[in-house]
Amino acid sequence: RKIIQEGCQTCPDNEDVWLEAARLHPVEVGKSILATAVRRIPTSVKIFRKAADMEQTIAAKKAVLRKALEANPTSVTLWKAVIELEDADDAKVLLAVAVEKIPHSVEMWLALARLESYQDAQRVLNKARKALPTDRSIWIAAAKLEESQNHNDIVEKVIERAVKSLRKNDASVTRAQWLQEAEAAEEAGAPVTSAAIVKHTIGQDVDDEDRQLTWSEDAKSTLQRGAVATARAIIAHTLEVFPKKRKLWMQAVELERSHGTRESLDKVLESACQQLPSTEIFWLLRAKERW
């Protein structure tokens, strides 16, 4: 303790020394040390966070973090720490201030949108898009919002606009990143958004002659990762482009047999029979499944 206090005097602008001093001393002495530290280094987020952690009551923690925000109004870490201590209504007020102070923080915009009603969330996400025109997650959040209201036709329009807008603003989003977003949307309970992402991005950077094989492999790898709805969307889109490919229909049948329902399997087999009426295997399979 004696050595570390000498360190605080010798290296007063080093946050690690102050934090170690607080750690080595009893709580009350540690608080005093950190109070001195924040006066010396008011921009240290770590010191303020530690000072808040050492407080016993929620009110005291809030007080420390509010002071921290006065000194560091653009710290995402501090805003998150303050908001976590508030109830939903107060959190909403704080987030509204946060997005003004740090408009580049996607996390804050999305958190605010989640706390708002449908129409207010739309307004928040529209503002967010203007502030961050190259961020795809805001567009995807807007699509998920529409899906939550069962506005499935709007979801596809939002994703279509997203792809065009991101390209216009030179936002580099690879095909693999879009597929990851589709899988993440499915995992978040938004399969319609996932399917819309697949439809409008699956052909990006794929040569025409490679589409069938590439998309088929995409569906297989996506399915291996457990993203059934995304794999289904990839196969559905592939079949729209290549409706006469027996191998693709068999892949769709296998997916529904393993992961779908009796009804979804029958629907795929019915479509296969319509598209390939002279291919006997689909008639036989459909009869067998009905039996």
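1. Leaving aside neighbours within four places in sequence, Thr222 is in contact with Glu183, Ala227, Thr230, Ala231 and Ile234, contact meaning heavy atoms within 4.5 Å. Thr222 belongs to helix H14 (residues 211-224); helices are DSSP runs of H or I with at least four residues, numbered from the N terminus.

2. The model is predicted: local features need pLDDT of at least 70 and side-chain atom pairs count only at pLDDT 80 or more, while totals for chains, interfaces and linings use all residues. Residues are numbered from 1 along each chain as its sequence is written, and side-chain values use heavy atoms, with hydrogens and water left out.

3. The axes of helix H12 (residues 175-187) and helix H13 (residues 191-201) come within 7 Å and cross at roughly 165 degrees. These axes are lines fitted to C-alpha atoms over the stretch in contact, with angles from 0 to 180 degrees between N-to-C directions. H12 is therefore roughly antiparallel to H13, a term for angles over 145 degrees.

4. On the H12 side, the contact is made by Arg175, Trp178, Glu181, Ala182, Ala185 and Glu186; H13 contributes Thr193, Ser194, Ile197, Val198 and Thr201.

5. Glu84 lies in helix H6 (residues 76-84). Its relative accessibility of 62% makes Glu84 exposed, the cut-off being over 50%. Glu84 and Lys62 are 22 residues apart in sequence and 10.0 Å apart in space, C-alpha to C-alpha.

Terms used: Helix = DSSP H or I, 4+ residues; strand = E, 2+ residues; numbered from the N terminus. Buried < 20%, exposed > 50% of the residue type's maximum accessible area, 1.4 Å probe, protein only. Parallel < 35°, antiparallel > 145°, perpendicular 65-115°, else oblique.
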